[in-house]
Amino acid sequence: MTAHLELSDVSASFNGFKAVNGLSLKVEKGELRCLIGPNGAGKTTALDLICGKTVPSGGSIRFKGIELGRHDDYQIARSGVGRKFQVPSVFRQLTVRENLEVAYCKRNGVLANLLRWAHSADSDGLDKLAEFVGLSDQLNVPAAHLSHGQTQWLEIALLLAQDAELILLDEPTAGMTVQETQKTADICNRLKGKHTIIVVEHDMGFVKAIGDIISVMHQGKLLAEGPVAEIENNPKVKQVYLGSVGISGA
Ligand SMILES: Nc1ncnc2c1ncn2[C@@H]1O[C@H](COP(=O)(O)OP(=O)(O)OP(=O)(O)O)[C@@H](O)[C@H]1O
């Protein structure tokens with residue numbers, strides 16, 4: 001069976017420096033994959049390659065069996081790849097509801113969306129999305145007034161509103177409180193099976209709460225891959241990233 005996303009021997013160079021250097025990765029449909037590794041390992045660049053922000057200098061990236069490497073970022077987004085960046089990209093002056101409406105409008109083109117809004121079911125969908133990420137009480141609040149965690153959850157909801165089949169999350173819990181991190185883990189766990197998700201993270205407690213299979217990058221390539229228990233006992237991973245304390249203490 002074809003993997004939902006398959007990277008084969010992918011590379012990316014910046015002025016001759018190979019930030020990603022022969023990365024191969026397979027992610028199945030509905031899977032949540034955590035991508036971890038030391039600073040500078042190439043994790044963010046790997047997400048940039050998948051969403052088309054960076055053009056690969058070699059290798060192949062296939063999503064739903066289709067080669068992405070030669071497509072522009074907007075074409076890749078339209079094919080169902082959604083990316084959440086470290087810096088939020090919500091419209092701060094618009095309410096949560098208005099942000100979601102804008103995201104809905106991105107998915108099918110103007111005409112389709114004019115027709116869509118004639119149906120009350122769309123408003124239901126928007127309410128359900130807000131409920132899914134715990135923002136039902138904030139629908140009429142400008143995004144600028146949301147807490148840091150709420151802003152991140154709104155961003156996830158925007159990707160869902162755009163119908164992203166593959167969701168790329170870059171350090172979603174950075175700057176979050178413990179409670180916000182737990183809630184984000186809950187959202188990620190509820191997305192499993194419905195969306196394919198890749199999460200880049202340094203918070204190992206969070207990785208443990210959501211991760212089934214973990215891929216470890218080092219120096220632009222895959223160092224190890226496997227279930228949490230296997231990864232935290234992998235001597236190579238301990239040496240380059242986790243130290244001797246294991247994931248629970250990282
Ligand atoms: N646009 C760029 N131009 C030049 N060098 C870059 C660029 N983007 C990334 N790099 C370099 O590529 C390497 C990998 O960076 P990347 O951000 O992908 O690592 P990372 O694993 O996500 O690290 P971190 O965990 O610190 O976010 C780093 O050495 C970085 O300085």
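By class, the shell around the ligand holds three nonpolar, six polar and one charged residues. Here Ala, Val, Leu, Ile, Met, Phe, Trp, Tyr, Cys and Pro count as nonpolar, Asp, Glu, Lys and Arg as charged, and the others, Gly among them, as polar. The model is predicted: local features need pLDDT of at least 70, side-chain atom pairs count only at pLDDT 80 or more, and totals for chains, interfaces and linings use all residues. Residues are numbered from 1 along each chain as its sequence is written.

The shell consists of Phe14, Ala19, Gly37, Asn39, Gly40, Ala41, Gly42, Lys43, Thr44 and Thr45. Helices (H or I, at least four residues) and strands (E, at least two) are DSSP runs, numbered from the N terminus.

H1 is largely enclosed by the rest of the structure, because eight of its nine residues are buried. A buried residue has 20 or more other C-beta atoms, placed from the backbone, within 10 Å of its own. In H1 these are Lys43, Thr44, Thr45, Ala46, Leu47, Asp48, Leu49 and Ile50.

The protein has ten helices and ten strands. Of its 250 residues, 39% count as buried.

Six strands form an open sheet of mixed pairing, in the order S6-S7-S8-S3-S9-S10. Strand S6 (81–84) and strand S10 (221–227) are the edge strands, each pairing on one side only. Two strands pair if DSSP finds at least two bridges between them. From one strand to the next, the twist averages 20°. Strand S9 (residues 213–218) and S10 run antiparallel and are joined by six bridges. Ile214 has Gly226 in S10 as its bridge partner. Helix H10 (residues 235–242) packs on the sheet and touches strand S3 (32–36), S9 and S10. Its direction makes about 120° with that of S10. Axes are lines fitted to C-alpha atoms, for helices over the stretch in contact, and angles run from 0 to 180 degrees between N-to-C directions.

An automatic or database assignment sets the domain bounds. Domain 1 covers 1–80 + 167–177 + 195–250, and domain 2 covers 87–164. Seven residues from domain 1 and six residues from domain 2 make the contact, defined by C-beta atoms, placed from the backbone, within 7 Å. The side of domain 1 that touches domain 2 has three nonpolar, four polar and no charged residues.

Notes:
Near = placed C-beta within 6 Å. Buried ≥ 20, exposed ≤ 12 C-beta atoms within 10 Å, placed from the backbone. Contact = placed C-beta atoms within 7 Å.
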